[in-house]
Amino acid sequence: MRKLDTGKKLLALSIFTRFSVLILLCLLGLWTEYLNLKMGYNNPRLVELSSGPAMRVFYECSDAFFSLFGDPLEAAQTFGGMTWSIRLWGVPFTDPIAFFSILVRDRSLEWGFVLGLILPITLVLLFGRVFCTYICPASLLFFTISRIRRLLGGFFYFPNLSLSKGFAWGILVGGLLLALSFGHGIWILILPYFAMGQTIFHGIAFGTISVAFFSLILFSLFDLCLGQQFTCRYICPTGRFLGWMGSKSLFSVRRDAKKCLPECHICYDVCPLKVDPKIDDSKDCSLCGECLVACPTKCLSIGKVGETWVKLG
Amino acid sequence: MERRKFMRSFMAGVVACGLIPLVDKLPKPISSRLKKYLRPPGAKPEKEFLDACIGCGQCANVCPNKCISLSGLEKGLENLATPYIVARAKACILCMACTQVCPTGALTPLEPTLEGMLSVTMGTAFVAEDICYSYAGRTCGACYHACPLPGKAITLGLFEQPHVNPKYCVGCGLCEQACIHMPQAIRVIPIKDLGTQT
C-alpha cells in the first residue's frame, strides 16, 4: 500500500473538517425546524404528514441524537449560532472580531462571551492561523475556486495581484468604525465565514436569500478575477488578525535547508496565503499542507519551531 | 517605503469599508419606514439592544416556535442581522429559550415563570375599537383566550370586549396573531409605556 505523505493527509483533513463545519451549519438551521416540529407535533407520523418522509427521517435521527443528552428539546437548545458566535453542547465559542466589535460599541461584557475566546486564542497561539484552513466554511468555497483556477490555468489567464497587508488591517479598523456608527450587523457583509453562516441559516431556516449571499458572490469574483485566494490573503480581517497573532505560533512549517534547492520557488507559488517557507517566513501559515505536497525534495515538514529551524534571511 | 505602502493600503481599506453604507441607499419596501420592531422577550431598551446584539442568530436558532427572524437590509444597516418578530405572522409564546442563550446580554436572561413573563417589555397591545367585532356587538373574545395573562393583561367587558391593561401587558403579540378580524383589530405597539410617548 502506498503511504500518503503528511501534506496530502493534511489537505484531506482540512477538506474533511471544513465540510463537517459546513454540514454542522446546515444542521443548526435544520434543528430550528426540528425544534418547531418537536414542539408542535412531537410525533413522527404527524411530521411525515406535514413535512414529508425526508423530514421524518431527519426528525427521528435528531430525536435519537438529542435523546442521548437527556430531554431532546432542551438538548437541542444547547446548540446554536454561526461561526461568528456559536454554542455546541452549551459551550460558547466567540470570534475575536466579535469581541472587538462589542468592546468598541457596548463595553459591557458577558462572562460566557469572554470565556468563549479561550479556545480560539489557544488554537491560534499553538498552531497559528489554522482557523482559515480547518474551520472557516467560506474558505472551502475559495479553495474550490483556487482549484478551478489551477485547472483552467492552462487555457485562460488568471491574474494574481498582490496587496499590502495594510489593506486588511484597514478593513478591520473601518469595520469597527462602521460597527460603532451603524451596528454589529455590517460584519455579515465583510467577513466571508459570517456571510456563509447567514446565507445558510437564512436559506434553510427562513427560505430566503440573505444579503450576505451577495457579498459572498463578490468575494468569489475577487478570488476568480484578482488572485488566488485573494479574499483570504488581503481582505478578510479575521485572517489578518489571526495571522498576526499566530506569527509566533508553536507549530509551523519547517525547512531543511540542506535539502532545499536554491532555484526552486514552488512552495511560494502554491501557498494559498503567500507565506514563503523558502526564506523561513512562516507568518500567516495555516498548516494547509499545499507546500508539503508540492516540494520536489520534501525538505519541508510541519512541527515544533525549534533549533532545526535555520534562519537564512 | 514599505511603511508608506502599508499606510496607503491601510487607508484604502478604511475607505473601502466606507463604501459599505452605500448599500443602505438601495430601494426598500415601504414597510421599512417603520422605525420600531418587536424584539424577542427580555430585550434591553432599543438603543442598548442594538449596541449589544452582534447578530449571531442564536436566539433564532433555539426558538421552538420559529417566530424570531433575522432582518436583512430592508430595515436599514442599523438593524442588519438583528432579530425581530412579526406578531401577526407568528407571535412569541414566552418560552424564554432565546433569553437564556444570548451570548452578549442583549436579551436579559428570564425564566418561563409568571414573574419572568411579567418582566418582559416587548410592547403593549392596542385595541382598534372601531373595527373590533366585540365592540360592534358581535361577541368574539379570541384575543382574550389567546392571552398568556388572561384577566390581567386583557380583561373582558360586555360582549367580550377586550380591555388591555398596559401595566400587565408584555407585548407578546399572541392576541394580534389570534385576532379573527382582517386587518387585526388588536395590535402590539413595540413601546412598553404608551402613556409616556406622544
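How many salt bridges does the structure hold over all chains? The model is a predicted one, and over all its chains there are 14 salt bridges. The points below take up several of these pairs and then turn to the interface.

1. Within chain A, Arg45(A) and Glu48(A) form a salt bridge through their side chains, with an N to O distance of 3.7 Å. The two residues lie 3 residues apart in helix H2 (residues 44–51) of chain A, so that about one helical turn separates them. Arg45(A) is partly exposed at 45% relative accessibility, and Glu48(A) is likewise classed as partly exposed, at 25%.

2. A second pair in chain A joins Arg129(A) to Asp284(A), whose closest N and O atoms are 3.8 Å apart. This pair links distant parts of the chain, 155 residues apart: Arg129(A) sits in the loop between helix H7 (118–127) and helix H8 (130–135), while Asp284(A) sits in the loop between helix H16 (266–270) and helix H17 (290–294) of chain A. Arg129(A) counts as buried because its relative accessibility, 2%, falls under the 20% cut-off, and Asp284(A) is buried as well, with a relative accessible area of 5%.

3. In chain B, Glu46(B) and Arg39(B) form a salt bridge in which the closest N and O atoms are 2.9 Å apart. Here Glu46(B) is partly exposed, with a relative accessible area of 21%, whereas Arg39(B) is buried, at 5%. Returning to chain A, salt bridges with shared partners join Arg45(A), Glu48(A), Arg56(A) and Glu60(A) into one network.

4. As to the extent of the interface, chain A contributes 49 residues to the contact and chain B contributes 44 residues. Between them the two chains bury about 3,800 Å², of which 65% is on carbon and sulfur atoms.

5. Across the interface of chain A and chain B there are 2 salt bridges, and the side chains of Lys66(B) and Glu33(A) meet in a salt bridge with an N to O distance of 2.6 Å. Polar contact across this interface involves 9 residue pairs, both residues of each pair being at pLDDT 80 or more. Among the elements that give two or more residues to the side of chain A that touches chain B are helix H1 (6–40), strand E1 (80–82), strand E2 (85–88) and helix H10 (166–181) of chain A. The largest share of that side, 9 residues, comes from H10(A), and its residues divide into 25 nonpolar, 18 polar and 6 charged.

How values were computed
Residues are numbered from 1 along each chain as its sequence is written. Chains are lettered from A and ligands numbered from 1 in the order in which they are written. This is a predicted model: local features need pLDDT of at least 70, side-chain atom pairs count only at pLDDT 80 or more; totals for chains, interfaces and linings use all residues. Side-chain values use heavy atoms; hydrogens and water are left out. A salt bridge is a side-chain nitrogen of Lys or Arg within 4 Å of a carboxyl oxygen of Asp or Glu. Helices (H or I, at least four residues) and strands (E, at least two) are DSSP runs, numbered from the N terminus. Buried means under 20% relative accessible area, exposed over 50%, partly exposed in between (1.4 Å probe, protein chains only). Contact means heavy atoms within 4.5 Å. Buried area is the accessible area (1.4 Å probe) that two parts lose on being put together, summed over both. A polar contact is a pair of N or O atoms within 3.5 Å; within protein, one must be able to donate a hydrogen and the other to accept it, and residues adjacent in sequence count only if both atoms are side-chain atoms. Ala, Val, Leu, Ile, Met, Phe, Trp, Tyr, Cys and Pro count as nonpolar, Asp, Glu, Lys and Arg as charged, and the others, Gly among them, as polar.
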